[in-house]
Amino acid sequence: MLWVDKYRPKTLAQVIVHEDIAQNLKKLVNEQDCPHLLFYGPSGSGKKTLIMALLRQIFGPSAEKVKVENRNWKIDAGSRTIDLELTTLTSTNHVELSPGDAGFQDRYIVQEIIKELAKDRPLDTKGKKGFKVLVLNEVDKLSREAQHSLRRTMEKYSAYCRLILCCNSSSKVTEAIRSRCLNIRVNAPSEEQIVKVLEFIGKKEGLQLPSGFAARIAEKSNRNLRRAILSFETCRVQQYPFTSNQAIPPMDWEEYISEIATDIMKEQSPKRLFQVRGKVYELLVNCIPPEIVLKRLLYELLKKLDAELKHEVCHWAAYYEHRMRLGQKAIFHIEAFVAKFMSIYKAFLIATFG
Amino acid sequence: METYSKVTRFFFICNYISRIIEPLASRCAKFRFKPLSEEIMSSRILHICDQEGLNLDSEALSTLSSISQGDLRRAITYLQGAARLFGSSISSKDLISVSGVIPQEVVEALYATCKSGNFDLANKEVNNVIAEGYPVSQMISQLFNVVVEADDVPDEQKARICKSLAEADKRLVDGADEYLQLLDVASNTMRALCNMPQEFSFET
């Protein structure tokens, strides 16, 4: 079992990183009812962990007994029927799904499937907790229409169903939904907090941690706790006992992008652009999200550039990322950015060195 | 509407009368609702606090009225959220944390790095804002307030900054990446504040 899963806090009391949020959530559900919740924050900050711990707090251990279901839905949309396949995680009291998986048909999921799930109210003989919880992941990936339909569903079934929404950026969630939920911001843990968690895991595993080693992992992790724990475990597999100057293996795709950046800086020509295209394709084929490729490429390029060029390059990165979002094929836009960069950089070199 | 006027009456509710087509608007008697005044809002909020047994000091009350921007429903939602999370004694900090408004220090810090003219510093600050999970759309609207209220910035520079803010806001609505957009805004703001040339020198 990966350490990331093994040491994931199961209850709100065990949470180490966001203790204040955990305390507040506890208070929130101690009263009988709970409002709709919207968790937002960068990845690896612990949104999902908090949600699972919260469910356990509400429903007790039964919330952990989940089964994965792959169901086919037939939706009657007036003149035609639409077939949708969707994976859901269900326990007796909650259902979890990622409506974003359905792509452009996400509106039907929100309108029909959530309605169906929300309709059957759990019978609880003790007369408590007469509501079901629906956990929706990645709500920021939902289309506008789907978000508008969600708003209606939320109001209509609010008597028997509570929604817990989870997303990275709350800018992409419409105001109407945000104002109906209690917003909970989950910030990325600070480097000290990551060090604390790594030391905690090290102690549980009985490992000797040289001083400064955990701090270096934390620094490399970009304040992403999941990533820190994963690279900690990788280090453990590669070499134990740890030495204080042990190399922390970087992600291979990051290496690869750094290579691309070096290529671009070395030579600016159509031939080089063609080679770079091959490499970018390689990344996309391996399921690295295009915006992450672009962001990382910008990061690598900014490290190497003169101050006067930085403004210009970051402007174009923002410009092409926006275009990528509007368009269909990501490769065009990444390549356009690379070409733009080459032309700017070449002009800069000519102006400076003649 | 006209055929059934004997048996049916329509009540229309809208935000902007100008967006209702003229033939429809002319068939209705219009009632205009003005935004609620500050006194009415605060008296209502205090009434709710009284009924629910909440403790709200005057600083928290003024924070509440500023973050809700004259929207009573929003003010009540924030109040309820804060009451559920933090118990009966509510401070202005609690209200800010449930409303999703970014603390003023964070906005000021970003603005200060833009003023310093150091790109790497600004980049670091932008990274920090993203890692803290603050919504960038909110950041842009608060940055807008800071820029407009700044006394030491000439109008032309203000206009340049506002233009880039508007551009970024539109792109965010289209679903663009938050980090890149905020970085672009920071870079534009910096170039305007430090009187760097607006045009790029190496664009071909």
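**Notebook: confidence, domains, helix packing and the A–B contact**

I began with confidence in chain A: its mean pLDDT is 84, and 96% of its residues reach 70 or more. The model is predicted, and I read the entries below accordingly. The lowest mean pLDDT among them, 75, belongs to α4(A), and the highest, 92, to helix α11 (residues 270-285) of chain A.

For chain B I noted an average pLDDT of 87, with 99% of the residues scoring at least 70. Among its elements, helix α5 (residues 92-99) of chain B has the lowest mean, 82, while helix α10 (residues 178-193) of chain B has the highest, 92. For the model as a whole I recorded an ipTM of 0.85 and a pTM of 0.84.

**Domains**

I looked up the division of chain A and found domain 1 (3-185), domain 2 (194-238) and domain 3 (252-353). Taken over C-alpha atoms, the centres of domain 1 and domain 2 of chain A are separated by 31 Å. I then checked how these two domains touch: nine residues of domain 1 of chain A are in contact with eleven residues of domain 2 of chain A. On the domain 1 side of that contact I recorded five nonpolar and four polar residues, and no charged ones.

For chain B, the domain assignment gives domain 1 (38-99) and domain 2 (104-193). I noted 29 Å between the C-alpha centres of domain 1 of chain B and domain 2 of chain B.

**Helix pair α4(A) and α5(A)**

I turned to helix α4 (residues 106-119) of chain A and helix α5 (residues 144-156) of chain A, which pack at an angle of about 20° with their axes 8 Å apart.

From α4(A), the residues I listed are Asp106(A), Arg107(A), Val110(A), Gln111(A), Ile114(A), Lys115(A) and Ala118(A). They meet Glu145(A), Ala146(A), Ser149(A), Leu150(A) and Thr153(A) in α5(A). By class, I counted this contact of α4(A) with α5(A) as five nonpolar, three polar and four charged residues. I kept in mind that α4(A) is the element of chain A with the lowest mean pLDDT.

**Helix pair α8(A) and α9(A)**

I then examined helix α8 (residues 213-220) of chain A and helix α9 (residues 225-238) of chain A, whose axes come within 9 Å and cross at roughly 130°. That angle makes α8(A) oblique to α9(A). The crossing of α8(A) past α9(A) is right-handed.

On α8(A) I found Ile217(A), Ala218(A) and Lys220(A), and these meet Ala228(A), Ser231(A) and Phe232(A) of α9(A). The classes in this contact are four nonpolar, one polar and one charged.

**Contact of chain A with chain B**

Finally I looked up the contact between the chains, which takes 40 residues from chain A and 34 residues from chain B. On the side of chain A that touches chain B, the elements giving two or more residues are α2 (19-30), β7 (182-185), α12 (290-304), α13 (307-326) and α14 (330-353) of chain A. I noted that α13(A) gives the most to this side, with twelve residues. By class, the chain A side divides into 17 nonpolar, 13 polar and ten charged residues.

Terms used:
Residues are numbered from 1 along each chain as its sequence is written. Chains are lettered from A and ligands numbered from 1 in the order in which they are written. This is a predicted model: local features need pLDDT of at least 70, side-chain atom pairs count only at pLDDT 80 or more; totals for chains, interfaces and linings use all residues. Two residues are in contact if their C-beta atoms, placed from the backbone, lie within 7 Å. Helices (H or I, at least four residues) and strands (E, at least two) are DSSP runs, numbered from the N terminus. Ala, Val, Leu, Ile, Met, Phe, Trp, Tyr, Cys and Pro count as nonpolar, Asp, Glu, Lys and Arg as charged, and the others, Gly among them, as polar. Axes are lines fitted to C-alpha atoms, for helices over the stretch in contact, and angles run from 0 to 180 degrees between N-to-C directions. Angles under 35 degrees count as roughly parallel, over 145 as roughly antiparallel, 65 to 115 as roughly perpendicular and the rest as oblique. A crossing is left-handed if the near helix is turned anticlockwise from the far one by less than a right angle, and right-handed if clockwise. Domain bounds come from an automatic or database domain assignment. pLDDT is the predictor's confidence in each residue, from 0 to 100.
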